[in-house]
Protein chains: 2
Amino acid sequence: MNYPNALEDLILHFMKYPGIGRKTAERYALHTLGKIDQEDLDDFAKVLASVKSRIGKCSVCGHLTDSDPCSICSDNNRDKETILVVESPKDVFAIEKLGKYRGGYHVLHGAISPVDGVGPDDLNLKSLWTRLANEPIKEVIIATSATQEGETTAMYIHRVIAATDVLVTRIGYGMPVGGNLEYADDKTLAKALEYRRKF
Amino acid sequence: MNYPNALEDLILHFMKYPGIGRKTAERYALHTLGKIDQEDLDDFAKVLASVKSRIGKCSVCGHLTDSDPCSICSDNNRDKETILVVESPKDVFAIEKLGKYRGGYHVLHGAISPVDGVGPDDLNLKSLWTRLANEPIKEVIIATSATQEGETTAMYIHRVIAATDVLVTRIGYGMPVGGNLEYADDKTLAKALEYRRKF
């Protein structure tokens with residue numbers, strides 16, 4: 001071990017992030033020491049230590065939020081008749097960035113995966129059924145990913161809702177198969193929304 | 001602003017690091033929230049806030065250290081007759097990783113650059129003259145970078161030491177011109193040490 005303890009510790013913490021190897025982590029640790037002032041580091045430290053307690057899940061849609069219900073659920077200017085179902089909060093951030101969708105969301109926090117032992121009960125689904133019973137929802141757009149798990153989840157939701165008057169659609173055209181929503185470019189995401197089809 | 005405040009703050013802090021853009025920072029912020037446990041975050045936060053006070057400069061060689069003198073200067077198994085002069089602590093880490101050099105170091109913390117108003121007095125040089133007067137030094141290997149500033153600094157140090165019995169050498173072969181020591185591969189660094197020439 002070549003680095004002083006505090007630097008080595010910093011390096012190891014940076015290496016816990018996806019795509020950060022030893023060399024990059026060393027660069028970040030030295031950057032921390034030499035280029036970022038103490039006030040910024042104190043603030044960074046405070047946010048790191050508190051972020052988990054400051055951010056929770058919206059009791060309505062399951063999205064990440066620092067107020068409950070979240071700003072999307074409590075926005076009366078949004079279309080209350082449409083719900084977009086996604087696997088993860090990252091997907092909501094990606095679609096919101098696009099700025100073209102004005103309905104609500106429902107975040108499942110996962111997808112059905114028998115191999116990994118993830119069944120419908122492990123997802124944020126019960127609150128979706130409650131919303132369908134109590135809110136004036138006319139369309140549920142399923143935007144789970146185009147993977148085996150995402151398709152299984154879409155199918156499951158469709159089967160449950162099929163018996164009701166609610167229109168169930170699935171985004172489709174434009175999304176590369178096996179790709180993740182969060183990495184799609186704006187145009188692909190817009191196409192996927194535009195070309196959704198009835199289940 | 002799409003993200004809850006705590007996440008947005010985290011994103012902005014990650015964006016202060018070299019090469020981290022908005023999209024990568026968003027990924028790291030969500031990774032922090034979802035994939036790193038609270039204990040690790042508390043420790044990461046503690047190290048970030050304390051690293052500047054825990055790491056100082058060695059009073060002998062100027063290298064970054066959490067003890068004074070640093071572990072290299074206080075290691076009696078190292079060759080006390082050779083000093084390798086570098087611009088930055090990163091260079092020491094890079095050469096130590098190589099594991100082939102057994103002498104001491106002297107870290108200048110910069111290079112002479114008239115354009116930027118950096119003169120010899122702004123570098124960690126006075127302590128180098130003191131070491132030359134008091135330690136049994138026979139060779140000073142100058143490993144400043146192959147840039148205008150690095151060459152000027154090498155020349156300046158050579159001019160000062162030339163009048164003494166100390167051998168002044170300059171690493172050379174293998175280092176790409178304009179390149180930084182810290183990004184050189186092991187072989188290039190080894191060659192540069194092996195092929196050093198008398199000033």
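## Conventions

Axes are lines fitted to C-alpha atoms, for helices over the stretch in contact, and angles run from 0 to 180 degrees between N-to-C directions. Helices (H or I, at least four residues) and strands (E, at least two) are DSSP runs, numbered from the N terminus.

This is a predicted model, in which local features need pLDDT of at least 70 and side-chain atom pairs count only at pLDDT 80 or more, while totals for chains, interfaces and linings use all residues. Residues are numbered from 1 along each chain as its sequence is written, chains are lettered from A and ligands numbered from 1 in the order in which they are written, and side-chain values use heavy atoms, with hydrogens and water left out.

## Interface of chains A and B

Chain A and chain B each put 48 residues into the contact (heavy atoms within 4.5 Å). Between them they bury about 5200 Å², 66% of it on carbon and sulfur atoms; buried area is the accessible area (1.4 Å probe) that two parts lose on being put together, summed over both.

The interface holds four salt bridges (a side-chain nitrogen of Lys or Arg within 4 Å of a carboxyl oxygen of Asp or Glu). A:Glu26 forms a salt bridge with B:Lys97, with 2.7 Å between the closest N and O atoms. On the chain B side, at least two residues each come from helix H1 (5-14), helix H2 (22-35), helix H3 (38-54), strand E2 (64-65) and helix H4 (89-98). H3(B) gives the most, 13 residues. By class, this side of chain B has 25 nonpolar, seven polar and 16 charged residues. Here Ala, Val, Leu, Ile, Met, Phe, Trp, Tyr, Cys and Pro count as nonpolar, Asp, Glu, Lys and Arg as charged, and the others, Gly among them, as polar.

## Helix crossing

The axes of helix H3 (residues 38-54) of chain A and H1(B) come within 9 Å and cross at roughly 140 degrees. Residues making this contact include A:Phe44, A:Val47 and A:Leu48 of H3(A), and B:Leu7, B:Leu10 and B:Phe14 of H1(B). The residues of the contact divide into eight nonpolar, two polar and four charged.

## Backbone exceptions

Most residues other than glycine have a negative phi, and most peptide bonds are trans. A cis peptide bond joins A:Asp68 and A:Pro69, with omega about 0 degrees; A:Pro69 lies in the loop between strand E2 (64-65) and strand E3 (82-86) of chain A. In chain B, the bond from B:Asp68 to B:Pro69 is cis, with omega near 0 degrees.

A:His109, although not a glycine, has a positive phi of about 55 degrees. This residue sits in the loop between strand E4 (104-107) and helix H5 (126-134) of chain A.
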